[in-house]
Amino acid sequence: MMRHSDSLHSYPPSHYDDHSCLKPPLILWVAVLFLSRAITLPIAMAIGHFAGVDSSAITVFRGFWSVDALIPSLIAAAILYTLCRRVPRAPSLVRWIWAHGRIFLAVSAVLDVALLLIGLIRQGDINDQSMLSLIVAVVDLYFLVYILAARRVRHVFCEFPPSVDPPDSVAAKKHFDHN
């Protein structure tokens, strides 16, 4: 993956991981988790249920879940997966998704805003649920601007740890080279 030569000089050493790649900033993690909420929220609710969280709190979180957000969340979940798989042994598909991560997240945010606005227009009246949808749309727009405008996010998505051949492929390559 390509590296920005200027990124090596403009960030302190603490902003780099063990592979000399820029670490994704915390707000990027928050944005990805928020945009993938239709996937991550049920998982968090299940964990909360088993951890003994009050059922009324889980009911409140259930109100944040929407089937309409499933498609945008699936798109953002691909980036959540690549955030967790950003290692030298990552397959080429993970590297490709990562290289296009800003586009994935922007599409996710735009789809989410569009679906929220369509729902608000169809609903017609203003109530607590419509206000919540409006707030979610504003947060989506904030993350969209952040993802598209932040220099560090741009640089993070341009960096990926260099590829390392898995031990099995090295052994197989040696076997084929000798035959």
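Setting aside neighbours within four places in sequence, R152 is in contact (heavy atoms within 4.5 Å) with Y11, H15, L22, K23, P24 and P25. What we are viewing is a predicted model, in which local features need pLDDT of at least 70, side-chain atom pairs count only at pLDDT 80 or more, and totals for chains, interfaces and linings use all residues. Residues are numbered from 1 along each chain as its sequence is written, and side-chain values use heavy atoms, with hydrogens and water left out.

R152 belongs to helix α9, residues 151-156; helices here are DSSP runs of H or I, at least four residues, numbered from the N terminus. R152 is buried and has no salt bridge. Buried means under 20% relative accessible area, exposed over 50%, and partly exposed in between, with a 1.4 Å probe and protein chains only. A salt bridge requires a side-chain nitrogen of Lys or Arg within 4 Å of a carboxyl oxygen of Asp or Glu. The nearest side chain of opposite charge, E159, is 8.7 Å from R152, where Lys and Arg count as positive, Asp and Glu as negative, and His and the chain ends are not counted.

I turn now to helix α5. Its 15 residues, 70-84, reach 20 Å from first C-alpha to last, close to the expected 21 Å, that is, 1.5 Å times one less than the number of residues. Which residues of α5 are buried? They are P72, S73, A76, A77, I79, L80, T82 and L83. The cover over these buried residues includes α2 (26-35), α3 (37-51), α6 (92-99) and α7 (101-123).

Finally, L115 lies in helix α7 and is partly exposed, at 30% relative accessible area.

Terms used: Helix = DSSP H or I, 4+ residues; strand = E, 2+ residues; numbered from the N terminus.
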